[in-house]
Amino acid sequence: MVEESRTGERADPPPGAEAPAAVPAREPADEPERGGPAEPGAPGGSRARAVRAWHAGRLDPWLLAAVFCAGYAAVSVTRWRRWENRSWDLGIFEQVISSYARLEAPVSDLKGPGFPILGDHFSPVTALIAPFYRLFPGPVTLLVAQAALFALAVVPVTRAAAHLLGRARGAAVGAAFGLSWGIQRAVDFDFHEIAFAVPLIAFALEAVLRERWRAALCWALPLLLVKEDLGLTAAAIACVVALRAGPADPRTARRALAVAAVCVVGCALTLTVVIPSFNAGGEYDYWSKLGESGAEGGGGPFGALFTGAEEKLRTLLWILVPTTGLLALRSPLLLVALPTMGWRFVSQDPHYWSTDWHYSAVLMPVLALALTDAVARGRSSSRPWLRGYAHHLPAAVLAAALALSTALPAADLTRAETYRAGPLAAAGERVMAAVPDGAEVAANVRPIAHLTQRCRVFWIGGSGDLVPDWIAYYDPGHTAESLTAYAARLYPQGPRWTVAAQESGFFVLRAEGA
């Protein structure tokens with residue numbers, strides 16, 4: 001007899017292998033279709049081929065992860081070399097991680113002189129990068145670390161999909177996840193702490209699909225240390241564990257519900273006690289972004305749901321259609337996406353609603369593994385059309401990811417100019433060389449991540465009563481005269497400003513006497 005998998009499908013032995021008369025019960029991961037070694041009694045040549053295939057299958061997730069790690073690092077590092085940074089976040093996190101590396105309290109002067117970053121977002125997990133930053137100081141260390149973390153998530157996604165769907169479809173799902181638009185947008189957005197959340201969620205949901213309940217809960221709990229809202233995501237994972245384990249294992253279900261309660265309480269304490277205790281204003285600054293009064297649709301979170309409805313619907317379709325073909329709606333794992341979608345859609349900040357930036361990255365492992373679960377269920381459906389749809393969907397999702405990548409950051413890797421710094425970067429280097437090491441400098445977006453390693457950098461106009469000695473600025477629309485006048489308005493009690501260097505829209509201003 002041939003053993004059946006947990007999905008109800010028959011797991012046939014490899015070509016040439018003879019099924020034994022009786023096979024002891026074992027985990028599906030040991031079945032030949034799932035990449036296990038050959039059955040006893042198989043001919044020698046077939047057995048050797050099956051063993052080689054099994055070992056190759058075990059390497060697939062790691063090989064995919066290595067390829068994506070190189071690709072992600074290439075996208076973000078080459079953009080940094082071209083001076084095309086899109087945000088101040090890379091500079092903020094470099095200041096924070098540099099503080100950790102010096103065994104000091106984590107502060108970011110870009111948020112304000114000596115600003116304790118735990119009063120902004122609760123992300124102590126970023127301290128894990130500090131040892132690497134100590135060895136290799138600079139923003140590139142953060143970008144490579146992020147690339148490695150995103151790529152690491154490919155391993156559990158591919159492994160879980162191969163376990164349930166077979167090696168080829170598992171590789172297709174893993175590759176589609178690695179190319180997913182949410183991950184690519186996050187890679188294109190400098191550095192952000194959610195890079196730690198993506199693999200944690202992926203490993204937790206892999207454990208759910210393999211019915212390793214304790215492992216799933218253990219992977220979910222560290223999300224409390226990644227970002228304050230992710231405690232709700234951890235609670236959602238625990239609820240899915242309770243839902244899946246409950247009928248057969250009530251004790252595990254009760255334990256999972258207890259973990260969910262701990263996560264909710266931890267999230268609440270972080271938002272109402274921990275962050276306000278570090279914040280000079282004694283509050284969580286981002287409450288104001290949730291359903292601001294006076295906005296379209298009325299005040300409060302409920303009214304905010306009606307703001308930007310068209311863009312929110314478009315984002316929802318992007319989340320569900322190209323990544324899962326809507327089939328993920330059949331999986332309870334999709335419940336894990338609800339907390340993130342909830343806070344984004346009740347906000348009045350349009351950045352949260354869209355498909356840009358990094359906000360959808362934490363949804364991608366949820367979608368990939370919900371798709372895997374739904375395909376496994378669909379292949380054993382009594383409806384022929386659903387079986388056929390589920391059978392072909394992994395390949396279709398990979399094809400969609402490849403097609404969409406032509407308009408996403410991965411496409412830049414096919415262009416020669418991506419790997420050249422270019423004249424704008426060369427001009428930036430020459431102009432910023434006028435700022436001495438250790439200087440106090442106010443800057444806007446482009447110069448920031450090229451100065452934080454060697455200077456104390458503030459956001460221009462955001463240093464309070466502290467007047468910097470230098471200003472580093474990029475804006476081709478400014479002239480030397482207009483920029484010095486702008487600096488005088490920003491720092492009315494400060495010194496007279498003179499232009500120390502300028503070229504191609506880059507400016508360095510020096511305070512008189514500096």
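D190 is found in the loop between α7 (181–187) and α8 (197–209). Keep in mind as you look around that this is a predicted model. At D190, phi is near 50°, a positive value in a residue other than glycine. That deserves a second look, since most residues other than glycine have a negative phi. How accessible is D190? Its relative accessible area is 2%, so D190 counts as buried, the cut-off being under 20%.

Now move to another loop, the one between α1 (44–81) and α2 (89–101), where you will find W83. Phi of W83 is also positive, near 60°, and W83 is again a residue other than glycine. Is this tryptophan buried or exposed? With a relative accessible area of 1%, W83 is buried.

From the backbone, let's turn to the open space. The largest pocket has a volume of about 820 Å³. It is lined by 37 residues, and those closest to its centre are H121, K227, Y286, Y352 and Y359. Which elements give two or more residues to this lining? They are α2, α11 (250–278), α14 (338–345) and α15 (350–353).

Methods. Residues are numbered from 1 along each chain as its sequence is written. This is a predicted model: local features need pLDDT of at least 70, side-chain atom pairs count only at pLDDT 80 or more; totals for chains, interfaces and linings use all residues. Side-chain values use heavy atoms; hydrogens and water are left out. Helices (H or I, at least four residues) and strands (E, at least two) are DSSP runs, numbered from the N terminus. Buried means under 20% relative accessible area, exposed over 50%, partly exposed in between (1.4 Å probe, protein chains only). On a 1 Å grid over the protein atoms alone, a cavity is a set of points where a 1.4 Å probe fits but cannot get out, and a pocket is an open set with protein on both sides within 12 Å along at least five of seven lines; lining residues have an atom within 4 Å of a point. Grid points are joined across faces, edges and corners, and a volume is the space filled by probe spheres set on the points.
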